[in-house]
Amino acid sequence: MKTIKSLLIIFGLIFASCESLVEGINDNPNKITPQDVEAELFLTGAMLANSVAQGGHLNRIAGMWSGHLTGFTSLYSNIYGYDISTAESVGTWSRYYVGVIPNVRHIREIVPQDMLLTGICKVLEAHAIGTAASLFGDVPYSEIDNPEIADPKFDRQSEVFTAAIALLDQAITDLNSATSRSLPADIYYEGDAGKWAEAAATLQARYYLQMKMYPQALSAAANGISSNDNNMKFIPRGDPEIASGDKNLFWQILAGSRQGDIGTGNSYLMQLLDPSNTTVDRNNAKTDETARFMYYTIDETSASANQGIIEQFEPQNLVSYAENLLIMAECEARANGVSAAALGYLNEWRQFMNTGGHVNANFQGESYLYADYDAADFAAGGIENPDNIAADRAFLREVIEERYVSGMQMYMAFNDVRRLAKDDPDLIVPFPLNTGTAPGQPQRLPYSDDELNTNNNAPEEPGIFSTTEVNQ
Amino acid sequence: MKYNLLYLTVLLLLGIVDVFAQGQTITGKVTDTSNQPLPGVNVVVQGTTTGTTTDFDGKYSLLVNPGDVLVFSFIGYQNQTITVGSQTTINVQLAEDVSQLEEIVISALGFEQKRDELGSTASVVPPEDMVRSGEAMLINSIGARASNVQVQRSNGDPGAGTTIRIRGANTISGSSNPLIIVDGVPISNTTYYGLGNGGRSGGTSQQSRLNDLNPNDIESMQILKGASAAALWGSRAANGVIVITTKNGSANKLNISYKGTYSLDQINTRIPMQTTFGQGRNGVYSPTRAESWGDYIPDRAGGNDVFDESGRYFEATNGTRYYPIVTKNSRETYVDSNWDGAFQDGQFFQHDLTASGGSKDANFFFSLARLDQEGIIIGSNYDRTNVRLNNNFHINNWLSFSNKASYINSYSNRIQQSSNTAGLLLGLLRTPPDFDNTDYIGTYYDNSGQAFTKRQRSYRRYMADSYNPTYNNPMWTTREQESSTRVNRFMVTPQFTVTPIDWLQIILRGGVDYYTDARVYFFPIGSASNISGSFAEEGISETQINFDGIAKGNFNITSNISLQATIGWNINDRKTRSNYALIEGFQVNTKKQTTDLNTSRDASEVANNKIFRRSNRGYAIFGFDMFDQLNVNFSGAIEAASSVKGSYFYPAVDLAWRLTDAFDIGGSVLSFAKLRATWGKVGVQPGAHRFETLAEGGFSYSTYSDPLSISQFGGGFRLDNNLGNPDLEPEIKTEWELGADVRLFEEKLAIGATYYQNRITGILINLDLTPSSGYSTQYANAATMENKGFEMDFDYTIINKGDWGLGIFGNYGDNNNLVTDLQGTETIDLTPGASVSSRAIVGHPLGVLYGTGSKTNPDGSFDLDANGFPQLTDRPVVLGDPNPDWRSGIGLRARWKSLALNVLFEHSQGGEFSPRTLWVLRRFGTTQETANYFTTTEDLVNFDGDLIPAGTTVRGNVENFGGGNVLLDETWYRHGIGGGFGDNQAYNFSIKDATFTRLRELSLSYTLNFPRFQEATKLSSIVFTATGRNLFLWSKIEGIDPEINQYGVSSGFGLDYFTNPSTRSLLFSVAINF
């Protein structure tokens, strides 16, 4: 028995097998760890995710549901008729929550002292989460991107907007104290702190507007985007021979296998702009939309037929000068009627368009005219008030219509039709339903199938005709 | 053993004493049934202690009295008794005792164990059976020889890898291969696909590293199926362990033998192709269409085609010119000649030279083997050279040393296959019957006379007027492309054995296994998929270093209970490295393999990959032998592995109770009976390097066909959307089994049966995470799976006496697998890229076939459309299960004098297979199935709803899906849902019954060893053997062997897609023993 005992002791010693002998070997020898990567190198990826999420699939769907675009065949024709599944949001949802937010937060974590980068990152996060709240309603935010929380709860839409606005306040503070520098990784503004701060203010105004907090929207927009050059936009680049990876997103889908699926067709927007259309026509003695009509036309039959808004190198606006001015015009008019200030904001935009800056070089030779409006134009019987409604409403109606048109390829029109439905139905651009059987205009986009399947805190998908909190 | 020596010494002494006694001297020679001398045979006078042993030449002499009965006995052979009469010479031939031969098995640590005392199951495959099977690849030779050991070669390519599945599937994303232990040390059996192969759905077949071993070097091979026997190897043993020992020399005279083998190989089954319809569509000939739904060839005018000879033309290398076809008149077809342009009779020569011998204190075994194989596909080959030198030295009575060393060199060229437009069968089987592939390369002259040299001519580009052939001409695939691999491998296993005191042994065992694999992938300009040319080199190396320190002691606890205790410590380190470099877009149209093919550096791609793993384990076995009837083994290993957080303990217990000893019931009917029971845990290691969340480059973002690629925006990184997992654990398989071993009729019939159940928890999968958590997936211990099954092996020696021997043997195994949990993940695709895929789905066995099918009604009938045709399901559904219901092998061995016959059948019952080759060829209209030409006798509707009135002559088949007869014609096969690509197909009709029976082996051998021959030639024997390998296959699938696997060595199976075919062979060998 003694030998057995001593054997057991040896055995015990050997069994204390060494974890230290295998430590560190599992560190990945093939890939770089985030700690090794400079903060700036994470920025472009986050901005690409943001660009595609803001200007991609859901944007095109919103365009079809705003009378801008027409789905002709395949998937887009189904969605045009409001037949949509939760699978359609999977990509966009993941771009916000996986592509943008964890990466910008990582940058903030590793360079908290770099006010330019932290400011930019806060704007990108607020842009992403704000758009998500705007499109889907209640979305996860306060508990996201936390390894401890597998199932983040869904926050109320208004809370998310409020949080985004607060984050933008921080961003503006950071950017105001930052020094601009050459930052090639910043594919929107190349490191210009001032332009970022303007975009942050316009985003604040956008979210206040969606919450119908018009005075706050007006004061935020006062610091917003101050020129068309300062627009936040996705700028395509690269070799014209290479059809995908860096081109205008709409152009890419027509250049690829989706040719023929989606274009403007005879959409309400096209009818509105078309000088030859007399039933719905926004051309008048002071306005000639011929150039914009041609610039906006999207020919679905081939990518190369398009030289306008989806030409392969044509930038896509994400936050714009027009948006900022028109927010101010609307909010000013809501406070003070057809005031000189309100007219001024609208005319400032019209004056810019009258330089031809609203279309690209291919269409600047076409005719356009945007003469200043004056108060008389909105008075009963004026050229913008043939139906003799109150002048204030006529003015607001024109501002909303201008937002509807200028917001092509942005979510502005989709946001407005939902925002105005309850209190200001008279201001809505009266584009028709795509199918007569629909219960009304869609009120939101469906949640991501992936999120619904994996998050135990996800609600039942409410459907696209269910009104979100801020529009109730 | 010690007892035997003592006994022998006494006998010898007595023998010397006996010299002085009265009597006669008998001399003689003891040989085995092949007339090989048997040294060391005990020759004893029955009932006395008088006796002797035979010398190195098997000779003995003994002083006896007439009437004495001599007993000749030797371990592993049946005793023989001979009564002494008046003779002075008694020569004896001893027959092998099969049941006794199996008595010793080798444990997972490389130690000998008595089988009758084992509680766990071990299948023993006799090495001579493996050698005789005619398989050039070691793993394939195990096929059908052990229950529940499924051996599935990827295809018939020379050197192609093989999947081994023991008791079904034990992991989802990990390796399904068992651990291979050679001479006590683990060796690599990796099948490395690498970057150059272009995924598993296409590319070439890759090798299994176990096949580097020379079957002729193997002394014994055992398959440890259960968890308990393998638990000592902890996290690498869940798929079972194959234990191999290589040969040693013996204290004997020098034995030299040479064996030469020639094999003739052919395709074992071929898809029936049609010869009556030409290239084209809708019954109209077109020389550029992909399909053969063209004109009825017998209706053609005959004679030569009419050409437009005014302008462009293609000139083949032999000067033949091809002009644009104006009118197709020729009725010639080329199905067989096109076939012969790609296939040939394969063959191999194998030479084996062995020498062994030694003295009491030192021995050696040396072998040299050379295999030269040409595959059945022109251009495919496999050459291998093996050298082995095993040495043993007894330095003194407490120290011995052994070293086993081998070197392997192999070279192989493989032909591109499967889902791959540069692959062989894809181009060949889609070729229309009226297109001749022969002139596949030449110069194209356009209308202006400009020449384009080295153009590939293929059936869709018969003028070679484009660089892009769309699919390769099979002549080009076999002759112009290269996919070669060159392997150099060393394996060395040194071992010291120290015996400080008589009850204790200390073993220090090292092992190094190192190989390099240098691969070349070369596609000249104009190859399909690589039209601008592609040249890649990939260098792979793997090193496995292993060390064990083991102490073994024997103790008698009481007079009835003894303990054998083994404790040990192991460290194992594995490193794999690969470097890959690719040049595309050749500037020069040549076949010379140099990076100068493209002088612009930005066209090349460079990548490398490293995998490092290390584990160390302490382990112990306590084996109790109680009351000469009961054996209980407790074993355990505690292991720390680099890819696992913390340490894991793998316990096991097994119990064997010999009923015949317990109740003393042995008799002439029941010779032996044992009950056994085991329980144990084993694991599967997580993939390496998955602890951390990484930074990732090279990504792109898309929402719907609108990707933005980071590399086109100056590069950059993102946090990998796969969240690192620092808490990875091994997958744990817990298994119990119950079994019995019985031998009946004086050990003539041996039966072993086992029932087992296991449950595998913590199976590693890429789990979908909530996107709002910031990550998409995480590699996590999330799935569970179960297996249960029954297996049985038997061996019945009907006769084994004198000139005659006859025996039958066989095995049966079934395994039921069930995936029980995937933590919400709906399906896991084991075969990415296939339209019918093999998947893991909860509630189904692993590997189920999945794809779009036909809508059904609640009663199971088809939900038909208005025309009486099935309608597609909205989403993919489970279509079938590729796991067989059961598998069995049954064999016969017979000998008469010097002739020996061996037969082995294999049967696999049930299971399903999707030969998608046949499905897609319906669309192409090249198979006989699509070429039925008949006159309708009733009005029929086709898939498009067109009415075909009675009396119309049509190409197609009549079918009834449940709504009355309908016509399956081009509308169904070519552009409907009854043949074609992608998800929009009624793939339920592609699923076939995978049941097969094959004659794995039929061999006849003759041994020339009669004494006069031996004296005349000074040879001890010559053995002639003829073997038929895989000669017959009975299967319900015409033209495709259901055993092949598009995805090669993989956990997904049951799929074929233009995968290279399997083979059958006729082998002849001559073995000369000096």
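Reader: At what angle do H13(A) and helix H16 (residues 391–406) of chain A pack?

Author: The model is a predicted one. In it, H13(A) and H16(A) have their axes 10 Å apart. The angle at which the two helices pack is about 165°.

Reader: Which orientation, parallel or antiparallel, do H13(A) and H16(A) have to each other?

Author: The angle between H13(A) and H16(A) is about 165°. Angles over 145 degrees fall in one class of orientation. H13(A) and H16(A) are therefore roughly antiparallel.

Reader: Is the crossing of H13(A) and H16(A) left-handed or right-handed, and how do the residues of their contact divide by class?

Author: H13(A) passes H16(A) in a left-handed crossing. Among the residues making the contact are A:Leu326, A:Ala329 and A:Ala333 of H13(A), with A:Phe395, A:Val399 and A:Arg403 of H16(A). By class, the contact of H13(A) with H16(A) comprises 9 nonpolar, 1 polar and 5 charged residues.

Reader: How are helix H9 (residues 214–221) of chain A and H13(A) oriented to each other?

Author: H9(A) and H13(A), the latter spanning residues 321–336, have axes 9 Å apart and pack at about 140°. H9(A) passes H13(A) in a left-handed crossing. By their angle, H9(A) and H13(A) are therefore oblique to each other.

Reader: Which residues of H9(A) make the contact with H13(A), and how do the residues of that contact divide?

Author: On the side of H13(A), the contact includes A:Asn324, A:Ile327 and A:Met328. H9(A) contributes A:Tyr214, A:Ala217, A:Leu218 and A:Ala221. The residues of this contact of H9(A) with H13(A) divide into 7 nonpolar, 1 polar and 3 charged.

Reader: How many charged residues does the contact of H2(A) with H6(A) have?

Author: Helix H2 (residues 43–55) and helix H6 (residues 115–136) of chain A pack at about 25°, with axes 11 Å apart, and are therefore roughly parallel. A:Leu43, A:Met47, A:Asn50 and A:Gln54 in H2(A) meet residues of H6(A) including A:Leu117, A:Ile120 and A:His127. The contact of H2(A) with H6(A) has 7 nonpolar and 4 polar residues, and the charged residues number: no charged residues.

Reader: What volume does the largest cavity have?

Author: The structure holds 19 cavities of 30 Å³ or more. The largest cavity has a volume of about 180 Å³.

Reader: Which elements give two or more residues to the lining of the largest cavity?

Author: The cavity is lined by 23 residues, and those closest to its centre are B:Arg153, B:Gly156, B:Gln373, B:Arg1029 and B:Thr1063. By class, the lining divides into 6 nonpolar, 11 polar and 6 charged residues. The elements giving two or more residues to this lining are strands S17 (255–267), S24 (346–358), S25 (362–374) and S64 (1063–1073) of chain B.

Methods: Residues are numbered from 1 along each chain as its sequence is written. Chains are lettered from A and ligands numbered from 1 in the order in which they are written. This is a predicted model: local features need pLDDT of at least 70, side-chain atom pairs count only at pLDDT 80 or more; totals for chains, interfaces and linings use all residues. Side-chain values use heavy atoms; hydrogens and water are left out. Axes are lines fitted to C-alpha atoms, for helices over the stretch in contact, and angles run from 0 to 180 degrees between N-to-C directions. Helices (H or I, at least four residues) and strands (E, at least two) are DSSP runs, numbered from the N terminus. Angles under 35 degrees count as roughly parallel, over 145 as roughly antiparallel, 65 to 115 as roughly perpendicular and the rest as oblique. A crossing is left-handed if the near helix is turned anticlockwise from the far one by less than a right angle, and right-handed if clockwise. Contact means heavy atoms within 4.5 Å. Ala, Val, Leu, Ile, Met, Phe, Trp, Tyr, Cys and Pro count as nonpolar, Asp, Glu, Lys and Arg as charged, and the others, Gly among them, as polar. On a 1 Å grid over the protein atoms alone, a cavity is a set of points where a 1.4 Å probe fits but cannot get out, and a pocket is an open set with protein on both sides within 12 Å along at least five of seven lines; lining residues have an atom within 4 Å of a point. Grid points are joined across faces, edges and corners, and a volume is the space filled by probe spheres set on the points.
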